[in-house]
Amino acid sequence: TRDDSDIRALGYGANAGVGAAGVVTAFAERDSTVTTEVADNSAVGEDKNRGNLQLNASTTGDVRSEAWGATAGIIATGNAAVAESRDQSSVHASLGDNVELIAADADINAVTHGLNEARAMGASASLGASLGASVARAISQQEVLASTGDNVTLDSGNDLSVTAERRSLTEEGDVRARAWGGTGGLLLGADAAYAEVNQNNHVQAYTGRSLSMRGGGNLNINSSNEASGLANASGVTFGGILAVGAAISHLSDSTSTSAKLGDDARLGTWAEDGPENGIGQIAINAESKPLNRATAFAGTGGVIAGQVVETQTTTDNEVEAVIGGNSKIFADSIDLASYYTPTYGSFAESISAAALQRSGASAEDNILGANKSIIGADSILLTGAHQRHLAETMIKTRHGDDKHENLAVNAGSGGVASGSAARHRTKLDVDTVVEVARGGALQSGL
């Protein structure tokens with residue numbers, strides 16, 4: 001089951017007169033649910049005819065909004081361009097409760113990829129006063145879910161794979177907002193550009209309670225978030241007497257990524273006195289590796305000029321790989337791993353030229369969240385070969401732009417009396433945990 005539709009909203013406007021004003025808006029939204037499932041209490045496959053069950057659900061289209069506005073006048077002009085794109089798609093692939101897989105492997109996949117983009121551009125010019133504003137917002141609230149229900153049973157030798165993915169198409173922002181603004185007035189020019197990216201996504205792969213695999217097969221539960229975000233704002237302002245400008249870019253990412261084997265799992269066959277026959281390899285992996293950046297530029301020129309440039313990124317992800325409580329597992333090997341590898345970057349640039357001017361540039365980056373691998377209470381994990389239980393966090397930076405690599409802030413000014421200020425702040429606060437809960441038992445080399 002797939003939704004590959006593209007959604008696009010366009011807004012254009014132009015006005016001219018002695019005094020001219022205009023507002024242009026564009027709004028694009030996807031709010032769809034894509035579901036593929038096997039019903040409760042189903043039996044799949046036959047003893048004599050081994051088969052393969054594949055469940056695939058995905059969204060692959062783009063959501064785009066563009067607003068372009070321009071005004072020109074003699075006395076005064078005002079212009080605003082506002083664009084917003086929003087993706088609230090849900091993708092579900094699942095087996096129901098009490099499903100029995102008879103001589104059939106199962107491959108369950110939920111996937112999203114596509115661009116979510118908002119672009120706003122405004123231009124305003126006047127022989128008197130000119131005002132302008134450009135606002136672009138891109139919002140992602142996706143749910144990507146691959147799962148099995150409770151009491152699912154696989155016969156001996158059957159494989160089960162459960163995968164949820166949020167894929168990336170580009171490092172230039174799978175979710176991105178771009179705002180450009182330009183104003184010019186012989187007396188007064190004022191302009192503001194604001195770009196915002198907000199991500200609150202959930203990527204989950206899990207099995208329900210009491211999964212049973214009777215021996216020989218392999219189990220893979222994988223969740224992955226790779227999508228990137230970019231907020232970019234640029235503004236240029238000229239005023240014969242006074243020029244004022246602002247460019248602000250904000251990005252927030254609070255995505256959660258989890259892979260979980262449900263409580264009370266029975267993997268392998270067990271007698272009253274211990275394990276009898278094991279299954280093959282078990283891999284339960286959760287990974288989030290977002291690339292989040294915010295850039296902003298403002299330039300002003302006039303007798304008196306000033307501007308403010310601000311960028312802020314906040315990446316606050318939760319990553320979790322879990323083996324549920326009260327599970328009994330006998331397998332060749334177990335790989336339980338969670339990976340949190342965020343890359344962040346910001347660049348704030350403020351340039352001004354005036355007889356009297358003040359300017360400031362500020363960049364702030366916050367890397368927060370939790371990265372956990374957890375073995376639930378009273379679980380028994382036995383393997384013939386190795387066990388690996390890992391939580392790995394690696395934080396990377398990518399500041400600057402094409403012309404200012406690895407630079408977070410750049411402020412410059414020129415004039416008779418001028419001043420500029422630059423500030424950069426970084427906060428890192430991530431919990432990285434491997435936990436074996438009370439009553440857990442691990443043994444390898446059997």
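This briefing describes the strands, salt bridges and surface patches of one protein model. The model is predicted, so local features need pLDDT of at least 70 and side-chain atom pairs count only at pLDDT 80 or more, while totals for chains, interfaces and linings use all residues. Residues are numbered from 1 along each chain as its sequence is written, and side-chain values use heavy atoms, with hydrogens and water left out. The protein has 34 strands and zero helices; helices (H or I, at least four residues) and strands (E, at least two) are DSSP runs, numbered from the N terminus.

**Overall form**

- Taken along the principal axes, the C-alpha atoms of the protein fill a box of roughly 90 × 40 × 30 Å.
- Of the 446 residues in the protein, 55% are buried; buried means under 20% relative accessible area, exposed over 50%, and partly exposed in between (1.4 Å probe, protein chains only).
- The C-alpha atoms of W270 and R64 are separated by 54 Å, and these two residues are 206 residues apart along the chain.

**A hairpin of β23 and β24**

- Strands β23 (residues 269-271) and β24 (residues 274-277) run antiparallel and are joined by three bridges; two strands pair if DSSP finds at least two bridges between them.
- The two strands, β23 and β24, form a hairpin with two residues between them.
- Within this pairing, T269 stands opposite N277 in β24.
- Strand β23 also holds W270, which counts as partly exposed at 23% relative accessibility.

**Salt bridges**

- The structure holds 21 salt bridges, each defined as a side-chain nitrogen of Lys or Arg within 4 Å of a carboxyl oxygen of Asp or Glu.
- Side chains of opposite charge can pair when their charged atoms come close.
- One of the salt bridges joins the side chains of R8 and E66, at 2.9 Å from N to O. This pair links distant parts of the chain, with R8 in strand β2 (residues 7-30) and E66 in strand β6, 58 residues apart.
- R8 is exposed, with a relative accessible area of 53%, whereas E66 is buried, with a relative accessible area of 4%.
- Another salt bridge forms between E196 and R137, whose closest N and O atoms are 3.0 Å apart. E196 lies in strand β16 and R137 in strand β11 (residues 129-140), so the pair ties together parts that are 59 residues apart in sequence.
- E196 is buried at a relative accessible area of 15%, and R137 is partly exposed at 24%.
- D264 and R209 also form a salt bridge, with their closest N and O atoms 2.4 Å apart. D264 lies in the loop between β21 (256-261) and β22 (266-267), and R209 in the loop between β17 (202-206) and β18 (212-213), so the pair ties together parts that are 55 residues apart in sequence.
- D264 counts as buried at 16% relative accessibility, while R209 counts as partly exposed at 43%.

**Surface patches**

- Patches are made of residues with over 30% relative accessible area and no salt bridge, with like charges joined within 9 Å and nonpolar side chains (Val, Leu, Ile, Met, Phe, Trp, Tyr) within 5 Å. Accessible areas come from the Shrake-Rupley method with a 1.4 Å probe, and for residues only the protein chains shown count as cover.
- A surface patch of negative charge gathers D316, E318, E320, D429 and D431. Asp and Glu count as negative and Lys and Arg as positive, with His and the chain ends not counted; the place of a charge is taken as NZ of Lys, CZ of Arg, CG of Asp or CD of Glu.
- At least two residues of the negative patch come from each of β26 (291-323) and β33 (417-436), and β26 gives the most, with three residues.
- D431 belongs to strand β33 and is partly exposed, with a relative accessible area of 45%.
- A nonpolar surface patch of about 800 Å² is made by I74, I75, L127, L186, L187, I241, L242, V244 and I304.
- Strands β6 (63-87) and β20 (228-253) each supply at least two residues of the nonpolar patch, and β20 gives the most, with three residues.
- L187 sits in the loop between β15 (175-185) and β16 (188-199) and counts as partly exposed at 48% relative accessibility.
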